[in-house]
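Here are my comments, as promised. Please read them with the model open beside you.

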Amino acid sequence: MRILLDTNILIHREANRVINEDIGTLFGWFDKLHYKKCIHPLSLSEIQKHKDGEIVKTIKAKIKNY
């Protein structure tokens with residue numbers, strides 16, 4: 001099964017600090033169930049608009065894992 005990740009989930013998941021621990025639990029379940037995590041191309045353009053340039057840079061580096 002494939003999971004389409006919301007842009008906000010990506011931002012929270014890949015940020016430098018933990019914002020919401022439940023997202024880690026959610027990703028743990030995705031991995032246990034062998035779900036493929038997918039990102040919509042529009043999410044990439046939305047991330048570019050984020051107000052914190054460091055978060056954008058960090059997420060762009062990590063996003064290749066999806």
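This is a predicted model: local features need pLDDT of at least 70, side-chain atom pairs count only at pLDDT 80 or more; totals for chains, interfaces and linings use all residues.

1. **The salt bridge.** How many salt bridges does a search of the whole structure find? The search finds one. The partners are aspartate 31 and lysine 37, whose side chains meet at 2.6 Å, N to O.

2. **Exposure of the two partners.** Are aspartate 31 and lysine 37 buried, partly exposed or exposed? Aspartate 31 has 45% relative accessibility, so it counts as partly exposed. Lysine 37 has 18% and is therefore buried, because the cut-off for buried is under 20%.

3. **Surroundings of lysine 37.** Lysine 37 sits in strand β2, which spans residues 36-39. What does lysine 37 touch, not counting residues up to four places away in sequence? The list is Ile3, Leu5, Phe27, Phe30, Asp31 and Tyr66. Asp31 on that list is the salt-bridge partner. Arginine 2 is 35 residues away from lysine 37 in sequence, yet the two C-alpha atoms are 5.9 Å apart in space.

4. **Phenylalanine 30.** This residue belongs to helix α2. Phenylalanine 30 has a relative accessibility of 10%, so it counts as buried. With neighbours within four places in sequence left aside, phenylalanine 30 is in contact with Ile3, Leu5, Tyr35 and Lys37. Methionine 1 lies 29 residues from phenylalanine 30 along the sequence, and the C-alpha to C-alpha distance is 9.6 Å.

5. **Helix α1 against α2.** Two packed helices are described by the angle between their axes and the distance between the axes. For α1 and helix α2 (residues 21-32), the angle is about 105 degrees and the axes are 9 Å apart. α1 is therefore roughly perpendicular to α2, since 65 to 115 degrees is the range for that label. Which residues make the contact? From α1 come Ile9, His12 and Arg13, and from α2 come Ile23, Gly24 and Phe27. By class, the contact of α1 with α2 holds three nonpolar residues, two polar and one charged.

6. **Helix α1 against α4.** The second pair joins α1 (residues 7-14) with helix α4 (residues 53-62). Their axes come within 10 Å and cross at roughly 95 degrees. So α1 is roughly perpendicular to α4. On the α1 side, the contact is made by Leu10, Ile11 and Glu14. On the α4 side, it is made by Ile55, Thr58, Ile59 and Lys62. Four residues of the contact of α1 with α4 are nonpolar, one is polar and two are charged.

7. **Serine 43.** Helix α3 covers residues 41-48 and includes serine 43. Is serine 43 buried or exposed? At 5% relative accessibility, the residue counts as buried, because the cut-off is under 20%. Serine 43 touches Leu5, Thr7 and Leu10, with residues up to four places away in sequence not counted. Leu10 also takes part in the contact of α1 with α4.

8. **Histidine 34.** Please check the backbone of histidine 34. Phi is near 60 degrees, a positive value in a residue other than glycine. Where does histidine 34 lie? The residue is in the loop between α2 and β2. At 68% relative accessibility, histidine 34 counts as exposed, because the cut-off for exposed is over 50%.

9. **Lysine 32.** Lysine 32 is in helix α2. Its relative accessible area is 61%, so lysine 32 is exposed. Phenylalanine 30, in helix α2 as well, counts as buried at 10% relative accessibility. Lysine 32 and arginine 17 are 15 residues apart along the chain, and their C-alpha atoms are separated by 24 Å.

Key. Residues are numbered from 1 along each chain as its sequence is written. Side-chain values use heavy atoms; hydrogens and water are left out. A salt bridge is a side-chain nitrogen of Lys or Arg within 4 Å of a carboxyl oxygen of Asp or Glu. Buried means under 20% relative accessible area, exposed over 50%, partly exposed in between (1.4 Å probe, protein chains only). Axes are lines fitted to C-alpha atoms, for helices over the stretch in contact, and angles run from 0 to 180 degrees between N-to-C directions. Helices (H or I, at least four residues) and strands (E, at least two) are DSSP runs, numbered from the N terminus. Angles under 35 degrees count as roughly parallel, over 145 as roughly antiparallel, 65 to 115 as roughly perpendicular and the rest as oblique. Contact means heavy atoms within 4.5 Å. Ala, Val, Leu, Ile, Met, Phe, Trp, Tyr, Cys and Pro count as nonpolar, Asp, Glu, Lys and Arg as charged, and the others, Gly among them, as polar.
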